[in-house]
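Visitor: I would like to learn how to read a ligand site and a few backbone features in a model. Could you take me through them one at a time?

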Amino acid sequence: MEGAYQAALPAKKITVRVPATSANCGPGFDCMGLALTYYNITTYEVTDEPGFKLQVRGEGADTLKPHGRNLAFASFLRLWNKYTGGERIGLKAEMVNNIPLSRGLGSSSSAIVAGLYAANKILGSPYDKETLLAMATEIEGHPDNVAPALYGGFVVGYKDAEGEVHSLKLKIAAPLKFIAAVPERKLSTALARQALPKTVPHADAVFNSSHAALLTAALLSGRGELLGEALKDKLHQPYRAHLIPGLQKVFDAAQKAGAYQAIISGAGSTVLAYAPAAADGAAIGEAMCAAFRAEGEACRYHVLSLDEEGAKAIEP
Ligand code: HSE
């Protein structure tokens with residue numbers, strides 16, 4: 001039987017689109033991220049019949065299951081239960097998934113943000129985006145993927161001394177092209193985080209804070225030619241390089257084919273090249289994939305731009 005909140009809903013069905021994201025952006029470990037023009041689309045329907053129903057096309061069609069631990073359901077219910085006090089509902093989700101799983105392009109963030117965003121919209125938007133960001137960060141652990149998934153663009157996310165999450169979306173002054181070389185090999189974030197040391201040399205911390213500042217300045221001022229240096233990192237990439245065969249060769253191939261620089265996207269395994277808007281994206285993608293293939297790693301690539309919109313309802 002319908003509860004009071006469900007009975008009062010103006011619409012029980014919504015379709016949301018959430019962009020892929022690339023976290024860390026070289027030196028911005030756990031705080032910087034950007035949204036890409038590559039999307040997952042999910043239709044949610046609140047039903048009377050308790051339980052979960054799921055249809056998946058694309059990535060995860062053979063592995064994602066209709067249970068409450070699925071992030072897309074769990075995050076929807078987190079917000080629904082927070083607002084309604086736990087009114088029982090059933091949930092149906094139909095996913096068209098383009099974002100590859102466990103490749104550092106924010107597929108789990110996309111599911112978290114889709115669920116929270118859809119539940120909030122269906123309930124008439126009782127919460128603002130900052131609240132959604134706080135909830136998404138609580139689920140994900142860090143804001144660098146969920147913030148751009150929600151807001152779009154290039155976003156700096158951070159926790160203050162009290163542990164509260166905040167974010168700032170920056171306007172990139174000159175458009176860039178992003179080429180994602182996606183190897184066949186999956187890499188779990190948990191494994192990639194285990195590869196990190198507990199402490200780092202002070203000089204490396206200085207290197208990264210100066211490069212994160214330079215990266216922000218370069219993006220805000222449209223000084224693309226600084227990105228070759230600005231995207232360098234000493235906090236996570238050197239410790240994860242052994243998990244991605246041929247990483248340095250893929251970086252080198254991207255630069256040789258016309259990119260400013262390439263970096264590990266999120267925790268990997270995707271490598272993302274930052275290139276001038278006029279660069280030949282296909283040539284860069286081919287060169288990066290050729291370097292992966294030379295290591296025995298199957299690879300595909302996508303030539304993308306910055307998504308400026310973030311999560312949005314596309315129906316109704
Ligand atoms: N900042 C995170 C990491 C992104 O590199 O581990 C992946 O969730």
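Visitor: In which loop is serine 269 found?

Guide: Helices (H or I, at least four residues) and strands (E, at least two) are DSSP runs, numbered from the N terminus, and serine 269 lies in the loop between strand E8 (261–264) and strand E9 (271–276). A cis peptide bond, with omega of about 15°, joins glycine 268 to serine 269. This is a predicted model, in which local features need pLDDT of at least 70 and side-chain atom pairs count only at pLDDT 80 or more, while totals for chains, interfaces and linings use all residues. Residues are numbered from 1 along each chain as its sequence is written, and side-chain values use heavy atoms, with hydrogens and water left out.

Visitor: Which residues surround the ligand?

Guide: A residue is near a molecule if one of its heavy atoms lies within 4 Å of it; here the ligand is surrounded by Asn24, Phe29, Asp30, His142, Asp144, Asn145, Thr189, Arg193, Arg240, Gly266 and Ala267. Helix H5 (143–151) and helix H6 (189–194) are the elements that give two or more residues to this shell.

Visitor: Why does the ligand lie between domain 1 and domain 2?

Guide: Domain bounds come from an automatic or database domain assignment, and the ligand lies between the two because domain 1 (4–170 + 307–314) and domain 2 (176–304) both give residues to its shell.

Visitor: What is the phi of aspartate 30?

Guide: Aspartate 30 has a positive phi of about 65°, although it is not a glycine, and it is found in the loop between strand E1 (13–23) and strand E2 (32–47).
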